[in-house]
Amino acid sequence: MSTLALGVSRGHVELLQFFRDRTAMVFTFAFPALLLLLFGTIFSDSYDQPGVSAAHVFSASMIAYGILTTAFVTMGSGLAMDRDDGTLKRLHGTPISATSYVLGKLLLVLALAVAEAVLMIAVGTLVFGMSLPDASHWLTFAWVFLLSVISSSLLGMAVSVVVKHARTAGAILNVPVVVLQFISGVFIYPVVQLPSWLITVASFFPVKWMAQGFRYVFLPDGMRVNEAAGQWELGRIALVLGAWCVIGLVLCLLTFRWSRSDR
């Protein structure tokens, strides 16, 4: 079988394993949506743009949060668990290559991220009345979404190397996730409310650009004045997210191990 065929086959196995674990399935999808419901209900900030509420901003921004938790945490913890329980070591003795294994994981994460994004958009539109964008904005959504999923997945895979035991994976991987949400304009908006040095720090990481890209898609154009640069900066969003895809791939190539004993 080809590398692609083995990767698709592995992806099928990953999906079956995930959907058989109902607890993991519920919490993976429900937690970001629950946070969106809470934030959208509690906060009532208003903006210069008529008809735009805090709930609309959270609905757009937190798509990035849903992708990050689904891709970064799922990929990192899944790889750590496979390495810890010997699954990776056993797979190493089969025809499956590292590329096929990673492809299978990416297919799992992509499917989960699509489902998560659909759920978040459904909550935003059905509960909070967020407007759906036109066709050109959906095209932007597609490339921001793909770059976000790829970069988050590869970084989760790379960071998994620091996880010594699978039981600690969730705690370790969620620390950067939570911190980046607060300094990247996901939980706090407008971004300019943050100290300038925190905005600078956030600019080096993908989450700020993910959230900004999704806000461009779902919010009126006039909302760009609330961004750190006063513009949507689509070109920079593509550049930063693309760069993190490359960085994540390089880190994966340098850190991937079939077993804990290889470290």
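User: Which residues are linked with Asp82 in a network of salt bridges?
Analyst: Arg10, Glu14 and Lys105 are linked with Asp82 in that network. This is a predicted model: local features need pLDDT of at least 70, side-chain atom pairs count only at pLDDT 80 or more, and totals for chains, interfaces and linings use all residues. Side-chain values use heavy atoms, without hydrogens and water, and numbering runs from 1 along each chain as its sequence is written.

User: Why is the pair Lys105 and Asp82 called a salt bridge?
Analyst: A salt bridge needs a side-chain nitrogen of Lys or Arg within 4 Å of a carboxyl oxygen of Asp or Glu. The closest N and O atoms of Lys105 and Asp82 are 3.2 Å apart, so the pair qualifies. Lys105 sits in helix 5 (residues 98–126) and Asp82 in helix 3 (residues 54–84).

User: What makes Lys105 buried?
Analyst: Buried means under 20% relative accessible area, exposed over 50%, partly exposed in between (1.4 Å probe, protein chains only). Lys105 has 4%, so Lys105 counts as buried. Asp82, at 9%, is buried too.

User: Why is Asp221 called partly exposed?
Analyst: Its relative accessible area is 46%, so Asp221 falls in the partly exposed class. Arg224, at 26%, is also partly exposed. The side chains of Arg224 and Asp221 meet in a salt bridge at 2.5 Å, N to O.

User: How do you know that Cys245 is in no disulfide?
Analyst: A disulfide is a pair of cysteine sulfur atoms within 2.5 Å. The nearest cysteine sulfur to that of Cys245 belongs to Cys252, 11 Å away. The disulfide count is 0.

Definitions and conventions:
Helix = DSSP H or I, 4+ residues; strand = E, 2+ residues; numbered from the N terminus.
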